[in-house]
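Hello,

Here is the structure I promised to pass on. My notes on it follow below, so please read them with the model open.

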Amino acid sequence: MNLNYRKATIEDLEALVRTRIEVLRAANKLGADADMSEVFRYSQLYYQNALSDGTHTAYLVFDGSRFVGAGAVSYFQVMPTYHNPSGNKAYIMNMYTHPDYRRKGIAYRTLELLVEDIKSREITSISLEATDMGRPLYEKFGFTKMKDEMELVLS
């Protein structure tokens, strides 16, 4: 393996959007027939805005020229709290490793790079949503289950 971990730029827009769609298909167990055109369009807009204003960092992983993995973090601010006076937070997302490359440390290294980026911004709160497959990675890294968070899905 000749792995290259590369921080994405706006020039990677096509690869980022393609990767996002691949991650969503895998995470949601969607077939090739699922219409992702609206997600594709909104993902393009998201990356264009978030990469230019610095509210998103993504890493792409290649073995030679073959895409084999990715990971990203979105940055946002909430109201300041006692435990997080700045209100700055980070949300890890879009973690993906191609099935042929799993269990080789790629996701762990990608997560390390993302956490380094987060620390450089002096952010002290990182959250994520874990799939059953990803949970052991995050637990190994030190993430713990959140106790009090709730969600209301509006349809």
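Helices in these notes are DSSP runs of H or I with at least four residues, strands are DSSP runs of E with at least two, and both are numbered from the N terminus. With that in place, H1 is followed by Lys 29, whose phi is positive, near 55 degrees.

A word on the ground rules. This is a predicted model, in which local features need pLDDT of at least 70 and side-chain atom pairs count only at pLDDT 80 or more, while totals for chains, interfaces and linings use all residues. Residues are numbered from 1 along each chain as its sequence is written, and side-chain values use heavy atoms, with hydrogens and water left out.

**Helix H1**

H1 covers residues 13-27, which makes 15 residues, and spans 21 Å from its first C-alpha to its last. That is close to the expected 21 Å, where the expected span is 1.5 Å times one less than the number of residues. Its buried residues are Leu 13, Ala 15, Leu 16, Val 17, Thr 19, Arg 20, Ile 21, Val 23 and Leu 24. Here buried means under 20% relative accessible area, exposed means over 50%, and partly exposed lies in between, with a 1.4 Å probe and protein chains only. These buried residues pack against helix H2 (37-53) and strands S2 (56-63), S3 (66-77) and S4 (88-97); contact means heavy atoms within 4.5 Å.

Ser 43 is buried, at 9% relative accessible area, and it touches Val 17 and Arg 20, leaving out residues up to four places away in sequence.

**The sheet**

Five strands make an open sheet in the order S1-S2-S3-S4-S5, with mixed pairing; two strands pair if DSSP finds at least two bridges between them. S1 and strand S5 (126-128) are at the edges with a single partner strand each, so one side of each has no neighbour in the sheet. From one strand to the next, the twist averages 20 degrees. S4 and S5 run parallel and are joined by three bridges, and Tyr 91 stands opposite Ser 127 in S5.

Two helices lie across these strands. H3 lies across S1, S2, S3, S4 and S5, at about 160 degrees to S4. For these angles, axes are lines fitted to C-alpha atoms, for helices over the stretch in contact, and the angles run from 0 to 180 degrees between N-to-C directions.

**Nonpolar cores**

A nonpolar core is a set of buried Ala, Val, Leu, Ile, Met, Phe, Trp, Tyr and Cys residues joined through side-chain atoms within 4.5 Å. The largest one has 16 residues, and Val 73, Ile 92, Met 95, Leu 111, Ile 118 and Tyr 138 touch the most other members. S3, S4, H3 and helix H4 (135-141) are the elements giving it two or more residues, and H3 gives the most, with five. If you look at Met 95, its contacts beyond four places in sequence include Val 23, Ala 72, Leu 111, Leu 114 and Tyr 138. There is also a second, separate core of 15 residues, with Val 17, Val 23, Ala 58 and Ala 70 among them.

**Salt bridges**

The whole structure holds eight salt bridges, each being a side-chain nitrogen of Lys or Arg within 4 Å of a carboxyl oxygen of Asp or Glu. In one of them, Asp 117 meets Lys 7 at 3.0 Å, N to O. That pair links distant parts of the chain, as Asp 117 is in helix H3 (residues 106-120) and Lys 7 is in strand S1 (residues 3-7), 110 residues apart. Asp 117 is buried at 8% relative accessibility, whereas Lys 7 is partly exposed at 41%.

Arg 109, also found in helix H3, pairs with Glu 116, their closest N and O atoms being 3.6 Å apart. Arg 109 is partly exposed at 31%, and Glu 116 is partly exposed at 46%. Beyond its neighbours within four places in sequence, Arg 109 is in contact with Tyr 5 and Glu 116.

Arg 135 forms a salt bridge with Asp 132 at 3.4 Å between the closest N and O atoms. Arg 135 is partly exposed at 29%, while Asp 132 is exposed at 67%. Through shared partners, salt bridges also join Lys 7, Asp 117 and Arg 121 into one network.

Best wishes
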